[in-house]
Amino acid sequence: ARSALATISLCGGILSTSLFPTSARAGAEEDYVAATKMYATGDVINAMSKLQPAADAGHAGAQALYALILSRADSDEEAIRYFRMSAEQGNRDGQFGYGSMIAAGDGIKADPIEARKWILAAANQGHPEAVNAMALAYMNGGLGLRDAPRDDATALGWIVKAAESGFIPAMDALSKAYASGGYGLPADAKL
């Protein structure tokens, strides 16, 4: 699981307001904020003690971070469960984590098409690693794109986004595309 997941950025969670009373939502948010600080300083054990109750209360950000920790501890089946709960609430970290685990077959049967669905959802929300994963999928045929057209405007869009963020493989692919006319670009003989 460790190799399949890039570090998930801490970008806040989405909490369903209809499921829990206000006090439970406030407690989950407080626990999540405290846990992210603990995690950032390397205090994983105490972070987990705050994250699990918040995750179980439905806090999507807590679910994603708790799942990340579980996946790094090779508790893949439990990590999948929490990533999925987070992903289904629309949390981009949860979507990326869930899609990455499905892509790698960590704790769940590998399914590149299903993985792409979740990674794409995260990428559409601007998740940096998800954007890079989509660019790589179009460049290399991963995530079930092996037999799909990969030299079009959609591919170019993901590669440009990844290159703009400094992702070197995308920058390299883009420079080659400008020189050779790849991804629907006109070839530039001067390059």
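Which residues does Ala-79 touch, not counting residues up to four places away in sequence? In this predicted model, the residues touched by Ala-79 are Ala-67, Leu-70, Ser-71 and Met-101. Ala-79 belongs to helix α4, which spans residues 76-88. With a relative accessible area of 0%, Ala-79 is buried. Between Ala-79 and Asp-106 the C-alpha to C-alpha distance is 9.4 Å, although the two are 27 residues apart in sequence.

The chain contains nine helices and zero strands. Along the sequence the pattern is accordingly written α-α-α-α-α-α-α-α-α. Of the 191 residues, 43% count as buried. The accessible surface of the chain is about 9200 Å², and carbon and sulfur atoms account for 55% of this surface. When contacts between residues at least 6 apart in sequence are considered, 53% of them join residues at least 24 apart.

The largest nonpolar core comprises 53 residues. The members that touch the most other members are Leu-51, Tyr-98, Ile-119, Met-134, Ile-159 and Tyr-183. Helix α7 (residues 128-140) supplies the largest share of this core, with eight residues. For Ile-159, with residues up to four places away in sequence not counted, the residues touched are Ala-135, Met-139, Ala-170, Ala-173, Leu-174 and Tyr-183. One of these, Tyr-183, is also among the core members with the most contacts to other members.

Charged side chains were examined next. Side chains of opposite charge can pair when their charged atoms come close. The structure holds four salt bridges. One of them joins the side chains of Lys-50 and Asp-31, with an N to O distance of 3.8 Å. This pair links distant parts of the chain, since Lys-50 lies in helix α2 (residues 44-56) and Asp-31 in helix α1 (residues 22-40), 19 residues apart. Lys-50 is partly exposed, at 29% relative accessibility. Asp-31 is likewise partly exposed, with a relative accessible area of 21%.

The side chains of Glu-114 and Lys-117 meet at 3.5 Å, N to O. Glu-114 counts as partly exposed at 27% relative accessibility, and Lys-117 counts as partly exposed at 47%. Asp-172 is partly exposed, its relative accessibility being 38%.

Arg-92 presents another case. This residue is located in helix α5 (residues 92-104). Arg-92 is buried yet has no salt bridge. The nearest side chain of opposite charge belongs to Asp-93, at 4.5 Å, whereas a salt bridge requires a nitrogen to oxygen distance within 4 Å. The side chain of Arg-92 does, however, reach the backbone oxygen of Gln-125, at a distance of 3.1 Å.

Notes
Residues numbered from 1 in each chain as written. Predicted model: local features only at pLDDT ≥ 70, side-chain atom pairs only at ≥ 80, totals over all residues. Heavy atoms only, no water. Core = buried A, V, L, I, M, F, W, Y, C linked by side-chain atoms within 4.5 Å. Buried < 20%, exposed > 50% of the residue type's maximum accessible area, 1.4 Å probe, protein only. Helix = DSSP H or I, 4+ residues; strand = E, 2+ residues; numbered from the N terminus. Contact = heavy atoms within 4.5 Å. Lys, Arg positive; Asp, Glu negative; His and termini not counted. Polar contact = N/O pair within 3.5 Å; in protein donor to acceptor, adjacent residues only side chain to side chain. Areas by Shrake-Rupley, 256 points an atom, 1.4 Å probe, with all protein chains shown as cover.
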